[in-house]
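Here is a quick tour of one structure, taken a piece at a time. Have the sequence and the 3D view open as you read.

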Amino acid sequence: MTIQISTIGPFEISRAGEPIPLPSSRKTRALLAYLAISGTRHTRRSLCELFWDSTDDPLAGLRWSLSKLRGLINVDGIEVLKTDRETVWFDPGLATFDKDRLNQLANQPGIEQKEADEIWKETTGLPLEGCELPNQSNYMIWVESYRRDYGRLRGGVAKRFARDESLNWQTRDKWAERWLRISPYSRGAAAAAHRSKYFAAGRPAATGLAGHLTKTFREAGIEPPEFTIDPVAEQETSERTMIAPAEQQIRFVDGQDGVSIAWASVGRPENPPLVKAANWLNHLELDWDAPIWSPLFKQLSKTHHFIRYDERGCGLSDWDVDEISFEKFVEDLDQVVDAAGLDRFPLLGISQGAAVSIRYAALYPERVSKLILFGAYDQGWRHTATADQVREREAVMVLTETGWGMDNPAYRHVFSRTFMPDASADELDWFDEFQRLTTSSENALRFLEAFATIDVRADLAKVQCPTLVVHSRGDMRIPFSTGRSIAVQIPNARIASVDSNNHLLLGREKASIQFVDLVRNFLSEPE
């Protein structure tokens, strides 16, 4: 029966899936790791010099450790750890290693991307964690050598997939980011990340990445590569343009401070207009066929000339911006509706986009004919949070800054679960990738800070148009009571609920159909 050995992350061993408790002695665990990974015979003398060079009786220390390990490893008459009078060795044929799967990924063509992702994420971590022996310099040289080999292996895997022209640009972009994280000062990795970002997420995202990498390289005293796109390649059909629906027209308008805002119109121009205010985690192309909201977008565009846009700092709008603030969100909405040539229109606001819509309706009552709010809140958490809540929220912001681009999706899944607690594993995986392509970790942090300070409480009473407030009854991110309170404070507003626990509605759930019906019925009513 083989032993399963985990060398990536904390060093662990198991048999038939059951963990084998290792000795508390760090030196004994380190000895086992060294014997298992090297897979060759070692003289007792060399092991003593490597691990017990500073003790009075190194052979006694070695014998004690070996006796502990043999009792754990050698069972049922099977000798995995073997010894004779002069040498000690570990039988590699009786063990499997977690690194084996990474080697498979590096050397075996034709692995499905889902399996490749699983292998990559399962083999993420610092090798031989907990096996460090700072006072044993020669042993630590071996540990660092193993870690460097592991890093080179992962870098080679990421490089292979980043340059695989058979893959779509979203997949190549993901692997290029991984390659860049492993080799942050590799000109090849930087150039590949820029190119894939251009075709996966658009020019603004690529431009923002190029600016960040240029600064990083120069601060390190390294000349950055030229971040350009080959004109021939730029004209090729890319995955980014293939996924955009033909009837969706995407344009750009400059904000008051010169920031380029991407906006889209879909549906017959002669139909009545409907404008959706931007909210975070928008991407005009990538969210059109997304598990969230796309059924709503497509249904409404059948009966309306549907206008929506990407917020500054995300999607196809400029990422490299000086200011991400609530005031700029409102200004950008005004620029988009002017660019669309709209004088009067109904306005749909979702999540923090609802607060933007409330402020806009209060400022420009002559332009907003009807107001629809979903998952709305009127004040950010910094206005009401207790000391404990402030610490919790600020901890989330730290995790956002450090965890947004990591391979391990644990943080983003925790984050996603508050938006969509009923999402399936596949839907969370989709949202995980969507977050990564929608904005940078730096901008994600800036968005969270901007949302935390929102305050439109004084604007609620100034809204003059008919208003429909819709909220999920089990919303875990913004409780239903918040939506009800908003409806009470807006003159003549009505409240409606949908049967969901999700802050972001999934297209497959009944609540999504309920929401579409509520919106359609409300818009069909005379003003």
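## Cysteines

A residue counts as buried here when its relative accessible area is under 20%. Keep in mind that this is a predicted model. Cys131 has a relative accessible area of 1%, so it is buried. Cys48, at 6%, is buried as well.

What about disulfides? A search of the whole structure turns up zero of them. For Cys48, the nearest cysteine sulfur belongs to Cys131 and sits 19 Å away. A disulfide would need the two sulfur atoms within 2.5 Å.

## The open sheet

Eight strands make up an open sheet with mixed pairing, in the order S8-S9-S11-S10-S12-S13-S14-S15. Strand S8 (249-254) and strand S15 (494-498) are the edge strands; each has a single partner, so one side of each has no neighbour in the sheet. Going from one strand to the next, the twist averages 20 degrees.

For a closer look at one pairing, take strand S9 (residues 260-266) and S11: they run antiparallel and are joined by four bridges. Val266 stands opposite Phe306 in S11.

## Helices on the sheet

Helix H14 (residues 352-363) packs on the sheet, where it touches strand S12 (345-350) and strand S13 (368-374). The direction of H14 makes about 145 degrees with that of S12.

Helix H20 (residues 510-524) lies across strand S10 (273-276), S12, S13, strand S14 (467-472) and S15. Relative to S13, H20 runs at about 165 degrees.

## Helix H9

Buried residues in H9 include Pro204, Gly208, Leu209, Leu213 and Phe217. The buried residues of this helix pack against helix H7 (169-182) and helix H8 (187-201). Just past the end of H9, Gly221 adopts a positive phi of about 75 degrees.

## A buried serine in a loop

Ser317 sits in the loop between strand S11 (305-309) and helix H13 (326-339). Is Ser317 buried or exposed? Its relative accessibility is 0%, so Ser317 counts as buried.

The side chain of Ser317 reaches the backbone oxygen of Asp310 at 2.6 Å. Setting aside neighbours within four places in sequence, Ser317 is in contact with several residues, among them Pro204, Ser260, Ile261 and Arg312. Pro204 is also one of the buried residues of H9.

Terms used:
Residues numbered from 1 in each chain as written. Predicted model: local features only at pLDDT ≥ 70, side-chain atom pairs only at ≥ 80, totals over all residues. Heavy atoms only, no water. Buried < 20%, exposed > 50% of the residue type's maximum accessible area, 1.4 Å probe, protein only. Helix = DSSP H or I, 4+ residues; strand = E, 2+ residues; numbered from the N terminus. Contact = heavy atoms within 4.5 Å. Polar contact = N/O pair within 3.5 Å; in protein donor to acceptor, adjacent residues only side chain to side chain. Pairing = 2+ DSSP bridges. Axes fitted to C-alpha atoms, helices over the stretch in contact; angles between N-to-C directions.
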